[in-house]
Amino acid sequence: MIEYLSDRANTVTAVGLLCSGAAMGLVVKGQYEVAVALGLWAIIADDVDGEIARRTKGRTMATKAIGKALDAFSDLSFGSVIPAIVIASFMEFAASAVFTAFVMLIGALRLAYFDYFGLDERGRSTGLPLSYALPILAAILLVDHTIAPLELGVVLPAFFVPLSLLHIAPFKIKASGSLVHVITISVAATASAGLLMTSRAGQ
């Protein structure tokens, strides 16, 4: 099994999964800003691995299939698991468990649908990609730390319940192309740096 990680694209995907796993551990320790900052690098890895896979010649069917499965698990991790557990950590009522289950189900459904239907001929996907969730969470945390304190236990669920529904909404959005990749990487890197700076300032 390990040999399939020697494929360059799969190696990058694995790095993204390591970032997501470490981020989850940081959430447990209450280091939310650092956790989200690290999770954003999983998004960058996810954006890069596809391009590497397309440029790598001679990948076997097994390598491609395992890479695709790893990529889907990575998407679920940074797109649903990390946001869900961060937000649930701020919720002080029993519904936090329901919220976490809801976000996980929506994320899994979105990925299952995308796995079958993929992108259309214009590079568009149905529904909002899961990669939007963590940058939005990062933006809210940055506002809370730098502009005005927010009641995160209320604000975050209020944002993310409708956001989750947008993941499975029947509209098309551009999800591929050079400009999309540049914007995705730039936003994720900038938000990550901002969170790390505010985290250090608060220590």
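The dialogue below sets computed values of this predicted model against the definitions behind them.

Trainee: Why is Ser125 called buried?
Mentor: Ser125 has a relative accessible area of 1%, and buried means under 20%, so the label applies. Ser125 lies in strand 1, residues 124-126. The C-alpha atom of Ser125 is separated by 6.5 Å from that of Lys174, although the two are 49 residues apart along the chain.

Trainee: How do you know that Arg124 and Asp120 form a salt bridge?
Mentor: The closest N and O atoms of Arg124 and Asp120 are 3.0 Å apart. The definition asks for a side-chain nitrogen of Lys or Arg within 4 Å of a carboxyl oxygen of Asp or Glu, so the pair qualifies.

Trainee: Which accessibility classes do Arg124 and Asp120 fall into?
Mentor: Asp120 has a relative accessible area of 18%; the limit for buried is under 20%, so Asp120 is buried. Arg124, at 24%, is partly exposed.

Trainee: What makes the contact between Arg54 and Glu51 a salt bridge?
Mentor: Their side chains meet at 3.1 Å, N to O, and the cut-off is 4 Å, so the contact is counted. Both residues lie in helix 2, three residues apart, about one turn of the helix. Arg54 has a relative accessible area of 55%; exposed means over 50%, therefore Arg54 is exposed. Glu51, at 28%, is partly exposed. Glu51 and Arg54 are also linked with Arg55 in a network of salt bridges. The search of the whole structure finds five salt bridges.

Trainee: Why is the pair of Asp115 and Lys68 said to tie together parts that are 47 residues apart in sequence?
Mentor: Asp115 forms a salt bridge with Lys68, with the closest N and O atoms 3.1 Å apart. Asp115 lies in helix 4 and Lys68 in helix 3, so the pair joins these separate parts. Asp115 is partly exposed at 46% relative accessibility, and Lys68 is partly exposed at 48%.

Trainee: Why is one space called a cavity and another a pocket?
Mentor: The probe cannot get out of a cavity, whereas a pocket is an open set of points, so the terms are kept apart. The search finds one cavity of 30 Å³ or more, and the largest cavity holds about 60 Å³ of space. Of its 15 lining residues, those closest to its centre are Gly79, Val103, Phe160, Ser164 and His167. Helix 3 gives the most to this lining, with five residues.

Trainee: Which residue classes line the largest cavity?
Mentor: The lining of the largest cavity has 10 nonpolar, five polar and no charged residues.

Trainee: What is known of the largest pocket?
Mentor: The largest pocket holds about 1300 Å³ of space. Of its 40 lining residues, those closest to its centre are Asp46, Asp71, Asp75, Phe114 and Ala175. Helix 3 supplies the largest share of the pocket lining, eight residues. The pocket lining divides into 19 nonpolar, nine polar and 12 charged residues.

How values were computed
Residues are numbered from 1 along each chain as its sequence is written. This is a predicted model: local features need pLDDT of at least 70, side-chain atom pairs count only at pLDDT 80 or more; totals for chains, interfaces and linings use all residues. Side-chain values use heavy atoms; hydrogens and water are left out. On a 1 Å grid over the protein atoms alone, a cavity is a set of points where a 1.4 Å probe fits but cannot get out, and a pocket is an open set with protein on both sides within 12 Å along at least five of seven lines; lining residues have an atom within 4 Å of a point. Grid points are joined across faces, edges and corners, and a volume is the space filled by probe spheres set on the points. Helices (H or I, at least four residues) and strands (E, at least two) are DSSP runs, numbered from the N terminus. Ala, Val, Leu, Ile, Met, Phe, Trp, Tyr, Cys and Pro count as nonpolar, Asp, Glu, Lys and Arg as charged, and the others, Gly among them, as polar. Buried means under 20% relative accessible area, exposed over 50%, partly exposed in between (1.4 Å probe, protein chains only).
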